[in-house]
Amino acid sequence: MDFAHEQAGDAIIVRLAGKLDGSAARTTEANLSQVLADSEPRVAIDMSQVDYLSSAGLRVLLLVAKKAQRAKGKLVLFDCCPNVMEVLSISGFDKLVPIHTGSAAAIAATR
């Protein structure tokens, strides 16, 4: 799993690429937790290059969303590919974390 992040105003865009599965879960969680170390983290995760999402990946996203919420921040996802969106929908995750189309909408939703 590739991980990169950049500042976009008062939000952080995280770009993930590859498979978010059991083998990538621990490292991805650690990287995302480090990004969330901000006092009120506003994070938008670009999922356009994530081609596989397992239950371990869902767990990582849920843990990170809860950390953001506890820190009075906001975490959103954007640009999910169809198979990843299907996993998010079937699991009900799309009801827990906002999912947007496009980085501009995602960044606006972090406010």
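The largest pocket holds about 170 Å³ of space. A pocket here is an open set of points on a 1 Å grid over the protein atoms alone, where a 1.4 Å probe fits, with protein on both sides within 12 Å along at least five of seven lines. Grid points are joined across faces, edges and corners, and a volume is the space filled by probe spheres set on the points. The model is predicted: local features need pLDDT of at least 70, side-chain atom pairs count only at pLDDT 80 or more, and totals for chains, interfaces and linings use all residues. Residues are numbered from 1 along each chain as its sequence is written, and side-chain values use heavy atoms, with hydrogens and water left out.

**Stop 1: the pocket lining.** Select Leu62, Ala65, Lys66, Gln69, Gly73, Lys74, Leu75, Leu96, Val97 and Pro98, which line the largest pocket. A lining residue has an atom within 4 Å of a point. By class, six of these residues are nonpolar, two polar and two charged. Ala, Val, Leu, Ile, Met, Phe, Trp, Tyr, Cys and Pro count as nonpolar, Asp, Glu, Lys and Arg as charged, and the others, Gly among them, as polar. Helix α2 (55-70) gives the most to the lining, with four residues. Both α2 and β4 (74-78) supply at least two residues each. Helices (H or I, at least four residues) and strands (E, at least two) are DSSP runs, numbered from the N terminus.

**Stop 2: the sheet.** Now show the strands. Five of them form an open sheet in the order β1-β2-β3-β4-β5, with mixed pairing. At the edges stand β1 (2-8) and β5 (99-100); each has a single partner strand, so one side of each is left without a neighbour in the sheet. Two strands pair if DSSP finds at least two bridges between them. Strands of a sheet pair through backbone hydrogen bonds, either parallel or antiparallel. Select β1 and β2 (residues 11-20): they pair in the antiparallel sense over seven bridges. Gln7 stands opposite Ile12 in β2. Next select β3 and β4, which run parallel and are joined by five bridges. Here Val43 has Leu75 in β4 as its bridge partner. Leu75 is also one of the residues lining the largest pocket.

**Stop 3: buried or exposed?** Buried means under 20% relative accessible area, exposed over 50%, and partly exposed in between (1.4 Å probe, protein chains only). Four of the five residues of β4 are buried, so β4 is largely enclosed by the rest of the structure. Lys72 is exposed, at 64%, and has a positive phi of about 60° although it is not a glycine.

**Stop 4: the cysteines.** How many disulfides does a search of the whole structure find? The count is zero, where a disulfide is a pair of cysteine sulfur atoms within 2.5 Å. For Cys80, the nearest cysteine sulfur is that of Cys81, 7.3 Å away. Cys80 is buried, with a relative accessible area of 16%. Cys81 is buried as well, at 17%.

**Stop 5: Ser54.** Finish in the loop between β3 (42-53) and α2, where Ser54 is found. Ser54 is buried, at 12% relative accessibility. Leaving out residues up to four places away in sequence, Ser54 touches Leu20, Asp21 and Gly22; contact means heavy atoms within 4.5 Å.
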